[in-house]
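Me: I should like to go through the assignments in this structure and ask for the criterion behind each one.

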Amino acid sequence: MNRLRTLGIDLLGTRTTAIRTLVSEVPAPVVADMLGYSQQIAHRHAAEVAQPWAGYAAGPQMKGTK
């Protein structure tokens with residue numbers, strides 16, 4: 001972290017940009033589950049990039065394979 005800051009990289013801005021890019025390509029509920037975020041936060045990021053995925057219908061949850 002310190003090395004990135006020394007190089008002048010804004011860590012918060014970088015993380016926000018990465019999440020918003022991801023929710024523009026993947027439904028927010030999936031991103032929330034992958035990253036451990038609440039779905040409200042993931043949907044907020046999706047709304048910021050105009051990708052609300054409101055019509056996304058989640059399929060059955062896969063708990064594991066046999």
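Me: Where is histidine 45 found?

Reply: Histidine 45 is found in helix H4, in a model that is predicted. Helices (H or I, at least four residues) and strands (E, at least two) are DSSP runs numbered from the N terminus.

Me: Why is histidine 45 called buried?

Reply: Buried means under 20% relative accessible area, exposed over 50%, and partly exposed in between (1.4 Å probe, protein chains only). Histidine 45 has a relative accessible area of 13%, and is therefore buried.

Me: Which residues does histidine 45 touch?

Reply: Leaving aside residues up to four places away in sequence, histidine 45 touches Thr16, Ile19, Arg20 and Val23. A contact means heavy atoms within 4.5 Å.

Me: Why is isoleucine 9 called partly exposed?

Reply: Its relative accessible area is 36%, so isoleucine 9 counts as partly exposed. Isoleucine 9 lies in the loop between H1 and helix H2 (11–25).

Me: What makes the nonpolar surface patch?

Reply: Leu4, Leu7 and Ile9 make this patch of about 280 Å². Patches consist of residues with over 30% relative accessible area and no salt bridge; like charges are joined within 9 Å, nonpolar side chains (Val, Leu, Ile, Met, Phe, Trp, Tyr) within 5 Å. A salt bridge is a side-chain nitrogen of Lys or Arg within 4 Å of a carboxyl oxygen of Asp or Glu. Accessible areas come from the Shrake-Rupley method with a 1.4 Å probe; for residues, only the protein chains shown count as cover.

Me: What makes up the largest nonpolar core?

Reply: Six residues make up this core: Val23, Ala28, Val31, Ala32, Ala42 and Ala46. Helix H3 (28–35) and helix H4 (39–48) each supply at least two of its residues, and H3 gives the most, with three. A nonpolar core is a set of buried Ala, Val, Leu, Ile, Met, Phe, Trp, Tyr and Cys residues joined through side-chain atoms within 4.5 Å. Alanine 42 touches Val23, Ala28 and Ala32, not counting residues up to four places away in sequence.

Me: What is the mean pLDDT of the protein chain?

Reply: The mean pLDDT, the predictor's confidence in each residue from 0 to 100, is 81, and 76% of the residues reach 70 or more. Where pLDDT is low, the predicted coordinates should not be read in detail.

Me: Which conventions apply?

Reply: Residues are numbered from 1 along each chain as its sequence is written, and side-chain values use heavy atoms, with hydrogens and water left out. In this predicted model, local features need pLDDT of at least 70 and side-chain atom pairs count only at pLDDT 80 or more, whereas totals for chains, interfaces and linings use all residues.
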